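The following note sets out some points for a student who is reading this structure for the first time. Please keep the sequence and the 3D view at hand while going through them.

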Amino acid sequence: MGGISIPPDRLESLREAARFQSIVSSCRISGIRASDAEVAAVAAASQAPDASMAEIWGYARAIDGPFPRSGPLVTFDEIAALNAVVIGKPVDSSEPSTLRETPLHLELFDTDGRALGRILQTLPPRLLRDKIEDLVTWLEIELRSGEQLPLIVLGAFFVYFTAISPF
């Protein structure tokens, strides 16, 4: 396969930047008020500094782990297990997250933790399980078909998953 060779140190720098931006974006979308500096400090820590930062640290742990853990396919159970890591359960925990049971409206925040005044509407709890099952089925079909670039498919999956916001 041809292409431009990227030096290993530059590739590592790009990987770290993508990791950081993924953690920051996930935190902002889930309504965590934290600055970039706070997120960077927590993500670099070997353990959560305190309970208020546990979810940020959980995002960092989740992004560093293998996914899916139990095979080649993403399932509802894999997503629930990954979310359990995000909220602070041990990586090897057998307790997956449960679906939320109350309506949820998320507010977006900027890099300094200030509210942007935008609210994201999410699905009502009664629709969550079916929509997640539909979404993981769609993901498998799209990735196996090879008709779309995997990065585009995964980006679309992330947008829809965030809109569903099941946990």
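1. Overall order. Read from the N terminus, the elements of the protein follow the order α-α-α-α-β-β-α-α. The radius of gyration is 17 Å, close to the 15 Å that the globule rule gives for 167 residues, so the protein is as compact as a globular protein of that length. The model is a predicted one. In total there are six helices and two strands.

2. Extent and surface. Along the principal axes, the C-alpha atoms occupy a box of roughly 50 × 40 × 35 Å. The accessible surface amounts to about 10,600 Å², and carbon and sulfur atoms make up 59% of that surface. Of the 167 residues, 31% count as buried.

3. The loop between α1 and α2. Ser35 is located in this loop. Is Ser35 buried or exposed? Its relative accessibility is 16%, and residues under 20% are classed as buried, so Ser35 counts as buried. When neighbours within four places in sequence are set aside, the contacts of Ser35 are Arg28, Thr111 and Asp112.

4. Helix α3. This helix covers residues 54-64, and its buried residues are Ile56, Trp57, Gly58, Tyr59, Ala60, Arg61 and Ala62. They pack against three other helices, namely α1 (8-29), α2 (36-44) and α4.

5. Helix α4. How many of the 11 residues of α4 are buried? The number is nine, and the helix is thus described as mostly covered. The buried residues comprise Phe76, Glu78, Ile79, Ala80, Ala81, Asn83, Ala84, Val85 and Val86. Their cover includes α3, α5 and α6. After α4 comes Gly88, which has a positive phi near 110 degrees.

6. The strand pair. Strands β1 (residues 105-109) and β2 (residues 115-121) pair in the antiparallel sense, with four bridges between them. One of the residues involved is His105, whose bridge partner in β2 is Gln121. Five residues lie between the strands of this hairpin, and within the hairpin Gly113 adopts a positive phi near 85 degrees.

7. Helix α5, length and buried side. Helix α5 (residues 128-145) contains 18 residues, and the distance from its first C-alpha to its last is 26 Å, close to the 26 Å expected at 1.5 Å a residue. Buried in α5 are Leu128, Ile132, Leu135, Val136, Leu139 and Glu142. Why can these buried residues be said to line one face of the helix? Viewed down the axis of α5, they fall within an arc of 130 degrees, so they line one face. The cover over the buried residues of α5 includes α4 (76-86) and α6 (150-164).

8. Helix α5, the other face and the end. On the face turned away from the buried side, α5 carries the exposed residues Asp130, Ile141 and Arg144. Just after the helix, Gly146 takes a positive phi of about 70 degrees.

9. A point to check in the 3D view. The student may trace how the helices cover one another: α4 is part of what covers the buried residues of α5, and α5 in turn is part of what covers those of α4. The buried residues of α3 also pack against α4.

Technical notes. Residues numbered from 1 in each chain as written. Predicted model: local features only at pLDDT ≥ 70, side-chain atom pairs only at ≥ 80, totals over all residues. Heavy atoms only, no water. Expected span 1.5 Å × (residues − 1). Buried < 20%, exposed > 50% of the residue type's maximum accessible area, 1.4 Å probe, protein only. Arc of directions from axis to C-beta. Contact = heavy atoms within 4.5 Å. Rg over C-alpha atoms; globule rule 2.2 N^0.38 Å. Areas by Shrake-Rupley, 256 points an atom, 1.4 Å probe, with all protein chains shown as cover. Pairing = 2+ DSSP bridges.
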